[in-house]
Amino acid sequence: MMVVLLGATTLVLVAVAPWVLSAAAGGKNLKSPQKVEVDIIDDNFILRWNRSDESVGNVTFSFDYQKTGMDNWIKLSGCQNITSTKCNFSSLKLNVYEEIKLRIRAEKENTSSWYEVDSFTPFRKAQIGPPEVHLEAEDKAIVIHISPGTKDSVMWALDGLSFTYSLVIWKNSSGVENQLIFVL
């Protein structure tokens, strides 16, 4: 039995993932960012991370976040397609008592896999910033005005009046110290 294929054309389609084409064309698979840190001081939320491969240029980074009980991820406003390794997401109005998760990836022609940050509650992770200090010379004395840097803070709205500060004053080179403890 003989099969004759005269005038017939066979079309073969092959599906290839974009990262395979990039790698075959001499491109590199992007690695996920590493050492992602969340720093929260008062109401300032800052993300910092390290690039996995400094030799790959023109890489951008994007973050998503997820609240507890949610299945979907939301793009973190202000932290999409950025070129630096630092992002401020203070403008995001989060419930500081609610646990959240973050994830980041590197992007160029292709994307890295997501790097997920351990979930955290902003209120538990936050640090209190220093109080505002204003010195005023008056005769032979120095008047020290101290006010909490947290007076308009959303983070410390419930706890702002319960902070205790310690102030240490010493004379240059004398080693003599005076310590005051006060509540603002």
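**Exercise 1.** Find which residues make the nonpolar surface patch of about 450 Å² in this predicted model.

*Solution.* Start with the members: Val133, Leu135, Ile142, Ile144 and Ile169 make up the patch. S8 (132-138) and S9 (141-147) each supply at least two of the patch residues. Ile169 sits in strand S10, which covers residues 164-170.

**Exercise 2.** Work out whether Ile169 is buried, partly exposed or exposed.

*Solution.* Buried would need under 20% relative accessible area, and exposed would need over 50%. Ile169 has 33% relative accessibility, so Ile169 counts as partly exposed.

**Exercise 3.** Now look inside: which residues of the largest nonpolar core touch the most other members?

*Solution.* The core has 30 residues, and the ones to pick out are Val38, Leu47, Trp49, Phe63, Leu76, Phe89 and Leu102. Then see where the core comes from: strands S1 (34-41), S2 (44-50), S3 (60-67), S6 (100-107) and S7 (115-120) each give two or more residues. S6 gives the most, with four residues. Zoom in on Leu76: leaving out residues up to four places away in sequence, Leu76 touches Leu47, Phe63, Asp64, Tyr65, Phe89, Leu92 and Leu102.

**Exercise 4.** Find Pro33 and decide: buried or exposed?

*Solution.* Look in the loop between helix H1 (18-24) and S1. With a relative accessible area of 1%, Pro33 is buried. To see what surrounds Pro33, skip its neighbours within four places in sequence; its contacts include Trp49, Phe61, Ile104 and Tyr115.

Notes:
Residues numbered from 1 in each chain as written. Predicted model: local features only at pLDDT ≥ 70, side-chain atom pairs only at ≥ 80, totals over all residues. Heavy atoms only, no water. Patch = residues over 30% accessible without salt bridge, like charges linked within 9 Å, V, L, I, M, F, W, Y side chains within 5 Å. Areas by Shrake-Rupley, 256 points an atom, 1.4 Å probe, with all protein chains shown as cover. Salt bridge = Lys/Arg side-chain N within 4 Å of Asp/Glu carboxyl O. Buried < 20%, exposed > 50% of the residue type's maximum accessible area, 1.4 Å probe, protein only. Core = buried A, V, L, I, M, F, W, Y, C linked by side-chain atoms within 4.5 Å. Contact = heavy atoms within 4.5 Å.
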